[in-house]
Amino acid sequence: VDIASVHSTLQMITPFGTIEIKDKARLDEALAAVRSDSDPTSWLVMSYDQSRQGCIQLKATGQGGVNEMKEHFESAFYGYGYLRVISGDAESHRPKFVFIIFQGENAPALKKGRMSFQSKVVEQYVKHFHVSVQVSSASDLVEDDLMLKVKRCSGADYDAGSNKLIDGYIRSPAPSSPSVSRPMASPSPSPKATSPSPPAEEPKPVPVPAPAPAPVEEPKQE
């Protein structure tokens, strides 16, 4: 995306032409106020300048949170919102930021079609937010639902006392105690497999010679 600053107007190239930000210094100041912990401003709304196609401008700011901001989201409105919420547990409270793309149900279809491309460029301009939501009715902006989306997006379960996300970065887990490496005992050699001995042969019987026949005496002659 090609971004070039021209006096007080920011020009951004999109597939549908150039997006301009009217009175950029004023909008930059409002964004900084929403992001500041010391400023009570908690939201702003950006609208399209009807006298100049593709030109967005600051419409309104306030201190009353999402319920006050959504009063500007009428059914024929199409534009953007930027909201600061406070998320955390008993241990810490940290600001989180929500970028809102609003396309009212009665907004011109062509305008809403262009926003599908232009919103990506506006997101790059805003930069600092934890979650982006797109809605078509002010009734869809419920504070509890937004807080749940922020918690899910951040990956932190604050109900369980977890503080994993700090300023958009996941905190590394605490290092575990160093383990003492011990030399591993070398395994004892396994006995070599020996081939089984052949079975012992049974002794063969020794042949016994037959006894010699007894001599036959001849009868004596008288």
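1. K127 is exposed, with a relative accessible area of 59%, where exposed means over 50% relative accessible area, buried under 20% and partly exposed in between, for a 1.4 Å probe and protein chains only. K127 lies in the loop between α3 (109-126) and β8 (131-135), and its phi is near 70 degrees, a positive value in a residue other than glycine. D23, in the loop between β3 (17-21) and α1, also has a positive phi, near 55 degrees, and is likewise a residue other than glycine; at 36% relative accessibility, D23 counts as partly exposed.

2. This is a predicted model, in which local features need pLDDT of at least 70 and side-chain atom pairs count only at pLDDT 80 or more, whereas totals for chains, interfaces and linings use all residues. Residues are numbered from 1 along each chain as its sequence is written, and side-chain values use heavy atoms, with hydrogens and water left out.

3. The protein chain averages a pLDDT (the predictor's confidence in each residue, from 0 to 100) of 75, and 60% of the residues score at least 70. Where pLDDT is low, the predicted coordinates should not be read in detail.

4. The protein chain has four helices and 10 strands, taken as DSSP runs numbered from the N terminus (helices H or I, at least four residues; strands E, at least two). From the N terminus on, the order of these elements is β-β-β-α-β-β-α-β-β-α-β-α-β-β. Of the 222 residues of the chain, 35% count as buried, and among contacts between residues at least 6 apart in sequence, 56% join residues at least 24 apart.

5. Helix α1 (residues 24-35) has 12 residues and reaches 17 Å from its first C-alpha to its last, close to the 16 Å expected at 1.5 Å a residue, the expected span being 1.5 Å times one less than the number of residues. Its buried residues are L27, A30, L31, A33 and V34. Seen down the axis of α1, these fall within an arc of 160 degrees, so they line one face of the helix; the arc is that of the directions from the helix axis to the C-beta atoms. The face of α1 turned away from this buried side carries the exposed residues A25 and E29.

6. The structure holds eight aromatic pairs, counted when the ring centres of Phe, Tyr or Trp (its six-membered ring) lie within 6.5 Å, with planes under 30 degrees apart called stacked, over 60 edge-to-face and the rest tilted. The rings of F77 and F102 have their centres 6.1 Å apart and their planes at 35 degrees, so the pair is tilted. This pair links distant parts of the chain, with F77 in the loop between α2 (65-69) and β6 (78-88) and F102 in strand β7 (residues 93-103), 25 residues apart; both F77 and F102 are buried.

7. Y82 and F97 form a stacked pair, 5.7 Å centre to centre with 10 degrees between the planes. Y82 lies in strand β6 and F97 in strand β7, so the pair ties together parts that are 15 residues apart in sequence. Both Y82 and F97 are buried.

How values were computed:
Contact = heavy atoms within 4.5 Å.
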